Amino acid sequence: MKEFSIKDVPDFSRKDRIVVVGVIGKSEYEYPNKTTPLLPTVNCDEIGIKCYWDERSNILYLHATTYLDAKQLTELACNLEEASKVSEKDADDTHWLVASGDLASESCKIFALIFHLCHIVVLSSPSPVFDLGYLQLFKAIDAYRNELLPQTTEALASSGAGGTWDSHGRTCCPRLLFHFHRAPRQLRRNPAALKRLEHSVEDQLYFILRKARIITNVCAKSLFAIPKNEEFVYINADDAAGRARDVGSLLQGLIHLCSGVPQEPPCDRPSFKQFVGGHVELARVGGFDDNVGKYAMTTSFFELPSAHSWQLAARALAPIYLSAPRAPRDDEPGGALYDALATDVRFSQARCAKVLPIAQASYMEGLPSHYSSQHHAHKLSIAMSVLETMGRGPRAGGARAALRASCEAAWRARRLCEAPSLTDHPCHHPQHDGTREHSSGVRYVHACDCGRSKASRDDPYCVRRANLGFYEDAAELCTACPTLTRREFPVFQPTTATYR
Ligand SMILES: [Zn+2]
Ligand SMILES: [Zn+2]
């Protein structure tokens with residue numbers, strides 16, 4: 001079996017009619033191989049699509065490994081570094097809601113490519129319950145596919161893949177099969193009941209997917225189809241089959257073999273491989289026709305491409321699907337994946353965009369022409385509390401930073417000088433340069449040198465003014481001071497220019 005990555009598809013075969021089967025979905029931590037039992041040994045340690053070419057049966061398997069696989073998610077969690085947050089804005093991007101949207105859109109890109117390249121897609125679930133979260137993913141994938149349609153059409157036309165790749169953009173509307181890896185415990189030994197469960201699940205899935213408008217009457221437009229008359233749900237009753245690597249089940253098998261006790265006869269259900277084989281055979285013989293209603297005949301198309309043509313198409317499509325830009329920053333419009341998956345982020349963004357001007361207005365309200373840092377801090381705390389009450393979610397941190405920046409910009413234009421005087425009163429002038437003198441606006445009444453008269457004095461900003469200038473001015477106004485005898489004391493006179 002040949003093994004290669006979708007990013008680098010080699011010339012893997014010369015066959016002229018191949019069937020392509022894709023496997024997507026979730027897997028458990030201990031059993032990351034979703035493709036069991038189609039492919040018994042597969043290592044899935046890399047995000048992306050691995051291809052396995054089975055020359056004998058003419059089937060190409062694509063296995064998607066994404067963050068929906070528990071193992072990949074755990075590895076990602078181990079590599080997370082809390083300390084890698086740098087600014088408030090970066091911290092926003094590491095918020096769980098932002099990150100989960102990003103992870104989902106990464107997975108959707110990979111799934112979208114699988115849906116485009118396969119005839120049959122197997123959705124694998126580790127439990128017997130269908131995860132309704134897939135509905136959102138399917139819608140996102142469909143929107144993403146439509147968004148990329150102009151690019152993919154152009155790439156396919158220039159790739160020379162030919163056939164329906166040129167006329168319809170794909171070989172067929174892929175069939176989706178559901179593989180549940182584990183049956184409910186009580187039904188495992190009861191094939192009849194299990195069959196009833198499968199049929200009931202089929203009806204429910206059909207109803208849900210119809211209701212969500214994911215499958216439609218006309219397959220040509222849908223992302224995928226589910227068969228009208230064939231079974232499309234398989235629930236695995238054999239506990240050991242999916243767990244070939246489980247040491248416990250291996251041991252149990254060994255004990256059974258050694259003790260000679262005959263094993264319980266396996267129930268006569270077809271294996272999953274046979275189940276998929278039925279659909280593959282159908283694809284080989286006549287192709288799928290899953291249209292419903294009056295358009296059934298006209299719009300149907302199905303082709304088994306040659307290995308070469310599939311290779312050309314995959315080479316053309318893989319870069320387009322896998323390398324689309326990631327989630328946008330604040331004001332740019334997001335892509336289809338972002339719109340469909342990052343609902344929480346978009347909600348948070350809208351809330352913050354709405355409340356930010358309100359918070360800014362509450363800061364500006366009743367603001368004097370110039371004001372102190374204290375007043376600024378007070379107004380800022382009011383504006384912040386307005387933002388806190390209404391701005392929610394992962395974008396709130398960025399909005400807080402934006403509000404703080406805008407308030408600070410407003411304050412810088414209107415701030416006071418606030419230089420402290422000798423008595424520690426702040427200057428009350430608007431911020432000024434050295435040409436204007438500081439003034440705190442505080443005035444004292446002080447006696448002159450002789451003590452016979454009083455004069456008012458400004459709050460001093462320098463020692464010379466405080467101890468000499470004021471008394472010289474006061475002496476001019478006093479009648480007694482000029483008549484007093486003055487004694488000159490020797491004053492230190494520096495002899496060098498560099499005295500300390
Ligand atoms: Zn000043
Ligand atoms: Zn005096």
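A crossing of two helices is left-handed if the near helix is turned anticlockwise from the far one by less than a right angle, and right-handed if it is turned clockwise. Keep that in mind for the helix pairs below.

This is a predicted model, in which local features need pLDDT of at least 70, side-chain atom pairs count only at pLDDT 80 or more, and totals for chains, interfaces and linings use all residues. Residues are numbered from 1 along each chain as its sequence is written, while chains are lettered from A and ligands numbered from 1 in the order in which they are written.

**View 1. How confident is the prediction along the chain?**
The mean pLDDT (the predictor's confidence in each residue, from 0 to 100) is 86 for the protein chain, and 91% of its residues reach 70 or more. Helices (H or I, at least four residues) and strands (E, at least two) are DSSP runs numbered from the N terminus. Where pLDDT is low, the predicted coordinates should not be read in detail.

**View 2. The largest nonpolar core holds 80 residues.**
A nonpolar core is a set of buried Ala, Val, Leu, Ile, Met, Phe, Trp, Tyr and Cys residues joined through C-beta atoms within 7 Å. Buried means that 20 or more other C-beta atoms lie within 10 Å of a residue's own, exposed means 12 or fewer, and partly exposed is in between, with C-beta atoms placed from the backbone. The members that touch the most others are Leu-62, Cys-108, Phe-111, Leu-113, Ile-114, Val-121 and Ile-141. Helix H3 (residues 96–117) is the biggest contributor to this core, giving 9 residues. A second, separate core has 12 residues, including Cys-352, Leu-387, Leu-403 and Trp-411.

**View 3. Helix H3 crosses helix H4 (residues 133–159) at roughly 65°.**
The two axes come within 9 Å; axes are lines fitted to C-alpha atoms, for helices over the stretch in contact, and angles run from 0 to 180 degrees between N-to-C directions. H3 and H4 are therefore roughly perpendicular to each other. For such labels, angles under 35 degrees count as roughly parallel, over 145 as roughly antiparallel, 65 to 115 as roughly perpendicular and the rest as oblique. The crossing of H3 with H4 is right-handed. From H3, Ala-104, Cys-108, Phe-111, Ala-112, Phe-115 and His-116 meet Leu-137, Ala-140, Ile-141, Tyr-144 and Arg-145 of H4. Contact here means C-beta atoms, placed from the backbone, within 7 Å. Take a look at Ile-141: leaving aside neighbours within four places in sequence, Ile-141 is in contact with Cys-108, Phe-111, Ala-112, Phe-115 and Leu-223.

**View 4. H3 also packs with helix H9 (residues 307–322), at an angle of about 155°.**
Their axes are 9 Å apart, and the pair is therefore roughly antiparallel. H3 and H9 make a right-handed crossing. On the H3 side you will find Lys-109, Ala-112, Leu-113, His-116 and Leu-117, which meet Ala-313, Ala-314, Leu-317, Ala-318, Tyr-321 and Leu-322 in H9.

**View 5. Helices H11 (residues 343–364) and H13 cross at roughly 25°.**
The axes of H11 and H13 come within 10 Å, and the two helices are therefore roughly parallel. Here too the crossing is right-handed. Among the residues in contact are Cys-352, Leu-356 and Tyr-363 of H11 and Leu-403, Ser-406 and Cys-407 of H13.

**View 6. Cys-417 sits in the loop between helix H13 (396–414) and strand S8 (443–447).**
Is Cys-417 buried or partly exposed? Cys-417 counts as partly exposed because it has 18 C-beta neighbours inside 10 Å. Not counting residues up to four places away in sequence, Cys-417 touches Cys-427, His-429, Pro-430, Gln-431, His-432 and His-438. The C-alpha atoms of Cys-417 and Tyr-371 are separated by 9.3 Å, with the two residues 46 apart along the chain.

Arg-213, which is not a glycine either, has a positive phi of about 60°. Arg-213 is exposed because 10 other C-beta atoms lie within 10 Å.

Conventions
Contact = placed C-beta atoms within 7 Å.
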